[in-house]
Amino acid sequence: MKYVLIFFCMAFCFRARAQETLQTVTDRGNSTTNSIQIGGASVNANTTKLFINNPVGKKWALSAGANMISEMGFNIYNWTDNQTTPLFTITNVGNVGIGAFGAAAKLHISGTGVAKDATGQFNGDVVIQANSGNRSATQGAQLEFVVPANTDGSNPWGQGRIVTVAGNANNGDATGKMILGTRRLMDKNGTVAWYYGEDLAIDGSGNVGVGTIVPQEKLSVNGKIRAQEIKVEAANWPDYVFKPSYKLTPLSQVENFIKQNGHLPEVPAAKEVAEKGVE
């Protein structure tokens, strides 16, 4: 009788154990330190998936392979809406694709924006957005290109970045601007260190600044310009001063004006030129 009871207990315990499911284990709050494996040797790609349902009725699929196409790589599907094209892909060589199955580069993004600018929504394939808690009055989202600045590796910092500067609705300028800068040794208030230079800026009015982030014209340059040729188109070129109908100022008046003001009539003073330039 004792052996019968032992056999019955072993059979019952084995059967109860065999009926264990992942649900019953997690319901008890248990966990495992072992890996959970799905799939195995070469199988149909349609079966190597982990399905996850969200509260709004959408089923998402994590797949070790592309559905009915390939068993290569790792893919994420919105299984409810599209069981053919994955939304996210990681290939076997580490390429990442967003909307691009079989990513051809380290980051391959394919698709078109659907939002309209008038709605205030994003309208592009790639959006880099700063968290609201990190946004300051002068900087928003940043895209930084990180490559070694020196070939010997002594300065392994980013070489360049693109920064979006938030606009200020209080002064009527809510459009902001974009700044491109490179990283280099700079002297700021007597401290020489690695800083980003403010090399090129485009403001909300379409003005471009080179060496300045506050361009006042369609092109503002803080520094020298070197070119082989510059063509300027100007209306009302002053050839009219040589016409008989033009009344010239007597030289005596010109002399008196120079003595009093230190410059020729209708020619701006040096201080004004330094501040506003010459048209």
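Two strands pair if DSSP finds at least two bridges between them. Helices (H or I, at least four residues) and strands (E, at least two) are themselves DSSP runs, numbered from the N terminus. With that settled, here is the structure. It is a predicted model, in which local features need pLDDT of at least 70, side-chain atom pairs count only at pLDDT 80 or more, and totals for chains, interfaces and linings use all residues. Residues are numbered from 1 along each chain as its sequence is written, and side-chain values use heavy atoms, with hydrogens and water left out.

Of its 279 residues, 16% count as buried, meaning under 20% relative accessible area, with exposed being over 50% and partly exposed in between (1.4 Å probe, protein chains only).

Six strands line up in an open sheet, in the order β1-β2-β3-β4-β5-β6 and with mixed pairing. The edges belong to β1 (49-53) and β6 (107-109), each with a single partner strand, so one side of each has no neighbour in the sheet. On average, neighbouring strands here are turned by 15° against each other, direction ignored, going by axes fitted to C-alpha atoms.

Within this sheet, β2 (residues 59-63) pairs with β3 (residues 74-78) in the antiparallel sense over 4 bridges. Leucine 62 has isoleucine 76 of β3 as its bridge partner. Then β3 runs antiparallel to β4 (residues 88-90), joined to it by 3 bridges, and phenylalanine 74 has its bridge partner in β4, namely isoleucine 90.

What about the loop between β3 and β4? Leucine 87 is found there, and its relative accessible area of 41% makes it partly exposed. Leu87 also belongs to a nonpolar surface patch with Leu22, Ile36, Ile38, Leu50, Ile52 and Trp60, and together they have about 660 Å² of accessible area. Like charges are joined within 9 Å, and nonpolar side chains (Val, Leu, Ile, Met, Phe, Trp, Tyr) within 5 Å.

Definitions and conventions
Patches are made of residues with over 30% relative accessible area and no salt bridge: like charges are joined within 9 Å, nonpolar side chains (Val, Leu, Ile, Met, Phe, Trp, Tyr) within 5 Å. Accessible areas come from the Shrake-Rupley method with a 1.4 Å probe; for residues, only the protein chains shown count as cover. A salt bridge is a side-chain nitrogen of Lys or Arg within 4 Å of a carboxyl oxygen of Asp or Glu. Axes are lines fitted to C-alpha atoms, for helices over the stretch in contact, and angles run from 0 to 180 degrees between N-to-C directions.
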